[in-house]
Amino acid sequence: YGLYDYLRSSIQQLELPQRKAALIVPAFETLHYRLTFPKSKAELLSMLDMGSLYTFRYHVWPKGHAPTDYAKWRTATVPYRVAWQPDFEPYVVVRRDCPKYDQRFVGFGWNKVSHIMELDAQEYELLVLPNAFMIHMPHAPSFDISKFRLSAGYRGCLQTLREEFHQDLSRRYGAAALKYLTAERSL
């Protein structure tokens with residue numbers, strides 16, 4: 001509730017039109033198909049403490065959202081900056097003129113990861129909003145995630161696309177992009 005208005009005021013207060021920043025909206029999830037949506041951060045924290053909400057994908061893919069630093073978010077009252085980490089895929093609000101999603105990554109796998117990586121390569125600030133949140137509701141698995149899980153060919157193609165993406169980043173951003181390749185190889 002009120003996210004749109006909060007985002008609009010945050011965009012103005014943080015002077016987003018004049019700076020390269022990605023506003024991170026912390027993501028949570030529920031395993032319940034019916035949920036009374038929290039009307040405030042305080043209500044969300046209570047639901048989190050009671051176990052009816054969880055930080056997004058913490059049990060499946062913690063690397064995807066861990067850099068959001070949910071422990072810090074709990075008590076934050078002002079936006080705070082986080083650093084890019086491998087496999088970070090937060091939900092963000094960005095200016096229209098930001099890099100577009102790489103069209104190689106359709107279906108399941110690496111669309112958000114590659115986008116955040118490119119934003120970082122372009123020196124976007126990654127700012128977590130202290131009073132924003134979204135909740136992912138349960139749904140049936142997508143057709144594409146089923147293909148990813150069942151097909152070694154699909155996973156192999158995705159790995160090839162990831163390698164091409166790294167090469168393209170290196171060509172566009174030079175030595176600064178080496179950290180992404182180094183991070184990928186250390187995983």
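**Salt bridges and nonpolar cores in a predicted model**

Lys 179 forms a salt bridge with Asp 120, with 2.8 Å between the closest N and O atoms. The pair links distant parts of the chain. Lys 179 lies in helix H7 (residues 178–186) and Asp 120 in helix H4, 59 residues apart. Lys 179 is partly exposed, at 41% relative accessibility. Asp 120 is buried, at 15%. The model is predicted.

The salt bridges number 13. Another one joins Lys 63 to Asp 87, the closest N and O atoms being 3.1 Å apart. Lys 63 sits in the loop between S3 and H3, and Asp 87 in the loop between S4 and strand S5 (91–93), so the pair ties together parts that are 24 residues apart in sequence. Lys 63 is partly exposed, with a relative accessible area of 35%. Asp 87 counts as buried, at 5%. Salt bridges also link Asp 102, Arg 104, Glu 164, Asp 168 and Arg 171 in a network.

The largest nonpolar core holds 35 residues. Phe 28, Leu 44, Trp 73, Met 117 and Leu 126 touch the most other members. H4 supplies the largest share, five residues. Apart from this core lies another, of 10 residues, including Leu 7 and Leu 129. Beyond its neighbours within four places in sequence, Leu 44 contacts Phe 28, Pro 38, Leu 53, Trp 73, Phe 133 and Ile 135.

Phe 28 also stands opposite Ile 135 in S7. Strands S2 and S7 run parallel and are joined by three bridges. They belong to an open sheet of three strands, in the order S3-S2-S7, with mixed pairing. Strand S3 (54–55) and strand S7 (134–136) are the edge strands.

Terms used. Residues numbered from 1 in each chain as written. Predicted model: local features only at pLDDT ≥ 70, side-chain atom pairs only at ≥ 80, totals over all residues. Heavy atoms only, no water. Core = buried A, V, L, I, M, F, W, Y, C linked by side-chain atoms within 4.5 Å. Buried < 20%, exposed > 50% of the residue type's maximum accessible area, 1.4 Å probe, protein only. Helix = DSSP H or I, 4+ residues; strand = E, 2+ residues; numbered from the N terminus. Contact = heavy atoms within 4.5 Å. Pairing = 2+ DSSP bridges. Salt bridge = Lys/Arg side-chain N within 4 Å of Asp/Glu carboxyl O.
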